[in-house]
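Please walk through this protein chain with the sequence and the coordinates side by side.

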Amino acid sequence: MYPEVVVAPASQPRDRVLPVLPALRDLFPHGGLRRGSVVAVPGSGLLSLAIAAGASAAGAWCGVMGLPELGVRAAAGVGLDPGRLLLVEAPGRRWPQVTAALLDGCELVLICLPAGPSGAAARHVEATLRRTGGVLVVAGDWAGAQARLWVARQQWAGIGDGHGRLTARWVQVLATGRGAATRPAEQWLWLPGPDGGVATADPGIGLAPAGRALTELAPAELAAG
């Protein structure tokens, strides 16, 4: 069973916002992802998947491009529906055209690029985004992004005195953006939690000294889920 998702508040028409998982709602000023917008998530593959999960769980088709190491189990673990997921491994130089094609058929597209896009490529994708009313989530940076989210602090639980198994990650996620999203937002999350899902965490919980602080997930860890 996928996590329960939330819909936009009454002040924001539902058709203008894609839902997010409940644990992420306070990170977005409208309680979800504004259609036609770009969300940049520098250095955080798993957070990118979590942002896409709410729309997927609500029935939206999602495209993922440029993450050949992505495991379906990892995606499903945070709430993405594998039955409504299109995967494109390595589009090469034609990534703007491939991204535009995915936006024509998917309400949300998650991409990972080896470098920041050129101005012309970004404009091409943004024009398609405005036309289709989809959402683009970038696992990396995007100069014109309307929102940016990143993991500021993190620690893994499960590693004892040189032995054990990683079981959960406690993270502080920060968000900022343009317009109504200018004021920074903060949320403490289990990403993933002991059950592999995403949940809010107590900011004062801390982790035992035996917990192990790590950098963001490497591609192999993302694939393993």
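Cys-112 has 25% relative accessibility and therefore counts as partly exposed, where buried means under 20% relative accessible area, exposed over 50% and partly exposed in between, with a 1.4 Å probe and protein chains only. Cys-62, at 1%, counts as buried. The cysteine sulfur closest to that of Cys-62 belongs to Cys-106 and lies 6.9 Å away, which is too far for a bond. A search of the whole structure finds 0 disulfides, a disulfide being a pair of cysteine sulfur atoms within 2.5 Å.

This is a predicted model, in which local features need pLDDT of at least 70 and side-chain atom pairs count only at pLDDT 80 or more, while totals for chains, interfaces and linings use all residues. Residues are numbered from 1 along each chain as its sequence is written, and side-chain values use heavy atoms, with hydrogens and water left out.

The largest nonpolar core has 42 residues, of which Leu-33, Val-39, Ile-51, Leu-108 and Leu-149 touch the most other members. Such a core is a set of buried Ala, Val, Leu, Ile, Met, Phe, Trp, Tyr and Cys residues joined through side-chain atoms within 4.5 Å. Two or more residues each come from α1 (45–57), β4 (62–65), β6 (108–111), β7 (135–138), β8 (147–159), β9 (164–177) and β10 (185–190). Helices (H or I, at least four residues) and strands (E, at least two) are DSSP runs, numbered from the N terminus. The largest share, 8 residues, is that of α1. Leaving aside residues up to four places away in sequence, Ile-51 touches Val-20, Leu-24, Phe-28, Leu-33, Val-39, Val-41, Val-137 and Leu-149; contact means heavy atoms within 4.5 Å. A second, separate core has 18 residues, including Val-109, Leu-113, Trp-142 and Ala-145.

Pro-19 lies in strand β1 (residues 17–19) and, at 14% relative accessibility, counts as buried. Its C-alpha atom is 9.3 Å from that of Ile-51, 32 residues apart along the chain.

Helix α3 has Trp-95, Pro-96, Thr-99, Ala-100, Leu-102 and Leu-103 as its buried residues. These cover an arc of only 160° around the axis, which puts them on the same side of α3; the arc is that of the directions from the helix axis to the C-beta atoms. They pack against β4, β5 (85–88), β6, α4 (119–132) and β7.

How many aromatic pairs does the count come to? The count is 2, given that rings of Phe, Tyr and Trp (its six-membered ring) pair if their centres lie within 6.5 Å, with planes under 30 degrees apart stacked, over 60 edge-to-face and the rest tilted. Trp-95 and Trp-142 have ring centres 6.3 Å apart and planes at 80°, so this pair is edge-to-face. Trp-95 lies in helix α3 (residues 95–105) and Trp-142 in the loop between β7 and β8, so the pair ties together parts 47 residues apart in sequence. Both Trp-95 and Trp-142 are buried. Trp-170 and Trp-188 form a stacked pair, 4.8 Å centre to centre with 25° between the planes. Trp-170 is in strand β9 and Trp-188 in strand β10, 18 residues apart. Trp-170 is buried at 5% relative accessibility, and Trp-188 at 9%.

The mean pLDDT of the protein chain is 81, and 79% of its residues reach 70 or more; pLDDT is the predictor's confidence in each residue, from 0 to 100. Residues 1–14 have pLDDT below 50, with 34 contacts in the model beyond near neighbours in sequence. Over residues 207–225 the pLDDT stays under 50, and the model has 45 contacts for them beyond four places in sequence.
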